[in-house]
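Q: Could you go through this structure with me? I'd like to take it one topic at a time.

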Amino acid sequence: MGTTTREIRLAITAGDPFGIGPEVIRKALASLPAGVHATVFGDPALFDEETEVVSVPSAGDPPEPRGATAAGGRAALAALDAAIAAVKAGRHDALVTGPISKEACVLADGPADGHTPMLERAFETDALMTFVWDEEEPAVALLTHHVPLRAVAATMTGDRVERAVRTLHTALAGKPNPRIAVLGLNPHAGEAGRLGTEDADFIAPAIRRLQAEGIDVSGPWPGDATWAQRRRYDAILAMYHDQGLAPVKALAFDRAVQISLGLPVVRTSPAHGTAFDIAGRDMASAASMQAAIEWAVRWAATD
């Protein structure tokens with residue numbers, strides 16, 4: 001990645017201090033692009049002296065064996081809160097979040113629903129969970145996030161599909177006439193109603209309304225075969241978590257980056273978790289964190 005035309009100021013949260021977040025951040029910062037200034041929100045003891053760190057309450061010594069703890073959850077939440085406040089105050093151009101543990105957050109009497117809903121509440125807006133990994137590959141967005149599969153159909157509406165597609169279309173404004181594919185909910189996109197009616201009742205009418213607005217969107221397409229033809233599109237909207245993320249992680253497990261579209265600030269995150277089992281052993285790959293930083297810089301520079 002080349003240098004930027006202006007300084008980009010990143011806020012990076014350390015995530016759970018007992019996971020691999022601090023390790024992969026340290027490794028990624030060693031190759032920070034020129035013209036980028038990074039501030040880490042976390043425990044200064046976990047980072048090099050030359051790293052600018054906004055200190056949050058320390059979680060203390062890691063437990064043995066490492067795992068989810070109330071102390072780790074409190075530290076992760078404190079880092080996120082401090083970074084959000086700094087972003088809202090205009091001190092940073094983009095937010096990169098290190099991995100947190102939902103279990104640890106619950107132990108700390110915090111929310112159980114993860115980064116994206118926390119950011120939605122903090123910024124009082126909806127966010128579209130989207131994954132990228134290569135400029136030649138489509139962005140992959142999720143209509144629903146961390147909900148049980150049995151609840152997906154109950155939460156689906158045509159309006160929700162429309163909002164998601166419009167968010168993608170806006171985010172892809174730099175591409176001429178971006179092409180968006182919408183996957184069906186049911187196998188074979190419902191097979192003319194024989195395998196479910198949601199595709200015909202909600203998704204197809206929403207697509208027709210969006211097409212009438214001039215948006216190049218098509219579907220609902222079968223959620224399996226479409227992946228083999230994915231490069232026809234600039235973005236794919238999946239209906240539920242595993243429909244979108246299973247292919248993404250198979251294609252680019254160590255390079256995938258989550259981008260929260262729809263927030264008033266660029267926010268990215270590596271697509272992996274805390275990996276407590278290898279934390280503290282200098283085994284973690286920083287590839288996804290490095291990619292998260294690079295995508296944050298790229299998107300912030302075009303804002």
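Q: Which residues lie nearest the centre of the largest cavity?
A: Keeping in mind that this is a predicted model, the residues nearest the centre of the largest cavity are Pro17, Gly42, Asp43, Val56 and Ala75, and they belong to a lining of 13 residues.

Q: And how many cavities of 30 Å³ or more are there?
A: The structure holds 1 cavity of 30 Å³ or more, and the space in the largest cavity comes to about 60 Å³.

Q: How does one find empty space in there anyway?
A: In general, a probe the size of a water molecule is rolled over the atoms, and this shows where empty space is left.

Q: Which helix gives the most to the lining of the largest cavity?
A: That is helix H2, which spans residues 70-88 and gives 3 residues to the lining.

Q: What classes of residue are in that lining?
A: Sorted by class, the lining of the largest cavity has 9 nonpolar residues, together with 3 polar and 1 charged.

Q: Changing topic to helices: at what angle do H1 and H9 cross?
A: The axes of helix H1 (residues 21-29) and helix H9 (residues 287-302) cross at roughly 60 degrees, and they come within 8 Å of each other. This angle makes H1 oblique to H9.

Q: Is that crossing left-handed or right-handed?
A: The crossing of H1 and H9 is right-handed.

Q: Which residues make the contact?
A: On the H1 side they are Val24, Ile25, Ala28 and Leu29, while H9 brings Met289, Gln290 and Ile293. In terms of class, the contact of H1 with H9 has 6 nonpolar residues and 1 polar one, with no charged residues.

Q: What about phi of asparagine 177, positive or negative?
A: Phi of asparagine 177 is positive, near 50 degrees, and this residue is not a glycine. Most residues other than glycine have a negative phi.

Q: Where is asparagine 177, then?
A: Asparagine 177 lies in a loop, with helix H6 (158-171) on one side and strand S7 (180-183) on the other.

Definitions and conventions:
Residues numbered from 1 in each chain as written. Predicted model: local features only at pLDDT ≥ 70, side-chain atom pairs only at ≥ 80, totals over all residues. Heavy atoms only, no water. 1 Å grid on protein atoms, 1.4 Å probe; cavity = no way out; pocket = protein on both sides within 12 Å on 5 of 7 lines; lining within 4 Å. Points joined across faces, edges and corners; volume = space filled by probe spheres on them. Helix = DSSP H or I, 4+ residues; strand = E, 2+ residues; numbered from the N terminus. Nonpolar A, V, L, I, M, F, W, Y, C, P; charged D, E, K, R; others polar. Axes fitted to C-alpha atoms, helices over the stretch in contact; angles between N-to-C directions. Parallel < 35°, antiparallel > 145°, perpendicular 65-115°, else oblique. Left-handed = near helix turned anticlockwise from the far one by under 90°. Contact = heavy atoms within 4.5 Å.
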